[in-house]
Amino acid sequence: SGIFTATEGAGIAVLYCLILSIIYKSIDFKGFMEILLNSAKTSGIILFLISASSAMSFVMAYSGIPAAISSALLSVSTNKYVIFILMNVILLIIGMFMDITPAILIFTPIFLPIATGQLGMDPVHFGIMMVLNLCVGLCTPPVGSVLFIGCSVAGTKIDQVIRPLLPMFAAMVIVLFLVAFLPDLSLLIPRLFGL
């Protein structure tokens, strides 16, 4: 309904479950402390991954890698579709190693002028393509933070998870290229609302 953001909704859900567990007496003080300890461990993993990706984004910005990527991208080809493919591959690789927030902050000013100015791409379409690329990267090894968090919550090793996830990775990449090369998939709803 739009009352909460996704993060706020998660916090409200946790509070709601805590209140219900107190009402139904399904949790005691020892169990509550175990839950706090487990959530602290999971939060520690998440914060470590975010801090590592933030450090990497600082190093990349300081060394001028984004500007080098931009100039290299334009020097490879003048074909619109070749540049689209290269942008998608670069964003996928970046998403594998960096958290989504610093990646958006660093690479949007680089790729947006190329996409909108030289390739004639709609800014909404570019935004959806970029976020989808980075989200796929979050689920992909070697540093996919969502993959690490999921394995930590499930209590399993990444080696056991990667093989069953390969068909999902393939499906995500197919959807990604459909979104990149068929703008109507991204722009149909905004156009219906006159945006």
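**Labels and their rules**

Mentor: The side chain of N88 reaches the backbone oxygen of F84 at 2.9 Å. This is a predicted model, in which local features need pLDDT of at least 70 and side-chain atom pairs count only at pLDDT 80 or more, while totals for chains, interfaces and linings use all residues. Residues are numbered from 1 along each chain as its sequence is written, and side-chain values use heavy atoms, with hydrogens and water left out.

Trainee: Why is N88 called buried?
Mentor: N88, which is placed in helix α4 (residues 80-97), has 0% relative accessibility, so N88 counts as buried (buried is under 20% relative accessible area, exposed over 50%, partly exposed in between, with a 1.4 Å probe and protein chains only). Leaving aside neighbours within four places in sequence, N88 is in contact with M129, N133, L176, F177 and A180, where contact means heavy atoms within 4.5 Å.

Trainee: What makes the pair of F84 and F181 edge-to-face?
Mentor: By the ring rule the count comes to 4 aromatic pairs. One of the aromatic pairs is F84 with F181, at 5.8 Å centre to centre and 70 degrees between the planes; rings of Phe, Tyr and Trp (its six-membered ring) pair if their centres lie within 6.5 Å, and planes under 30 degrees apart count as stacked, over 60 as edge-to-face and the rest as tilted, so these values give an edge-to-face pair. Because F84 lies in helix α4 and F181 in helix α8 (residues 158-181), the pair ties together parts that are 97 residues apart in sequence. Y81, F84, F177 and F181 form one aromatic cluster.

Trainee: Are F84 and F181 buried or partly exposed?
Mentor: F84 has a relative accessible area of 4% and is therefore buried, whereas F181, at 27% relative accessibility, counts as partly exposed.

Trainee: How do you know that M56 is partly exposed?
Mentor: M56, in helix α2 (residues 29-63), has a relative accessible area of 32%, so M56 is partly exposed. M56, I85, V89, I93, F97 and V143 form a nonpolar patch on the surface, with about 420 Å² of accessible area together, and α4 gives the most to this patch, with 4 residues.

Trainee: Which secondary structure does the chain have?
Mentor: The chain comes to 9 helices and 0 strands, where helices (H or I, at least four residues) and strands (E, at least two) are DSSP runs numbered from the N terminus.

Definitions and conventions
A polar contact is a pair of N or O atoms within 3.5 Å; within protein, one must be able to donate a hydrogen and the other to accept it, and residues adjacent in sequence count only if both atoms are side-chain atoms. Patches are made of residues with over 30% relative accessible area and no salt bridge: like charges are joined within 9 Å, nonpolar side chains (Val, Leu, Ile, Met, Phe, Trp, Tyr) within 5 Å. Accessible areas come from the Shrake-Rupley method with a 1.4 Å probe; for residues, only the protein chains shown count as cover. A salt bridge is a side-chain nitrogen of Lys or Arg within 4 Å of a carboxyl oxygen of Asp or Glu.
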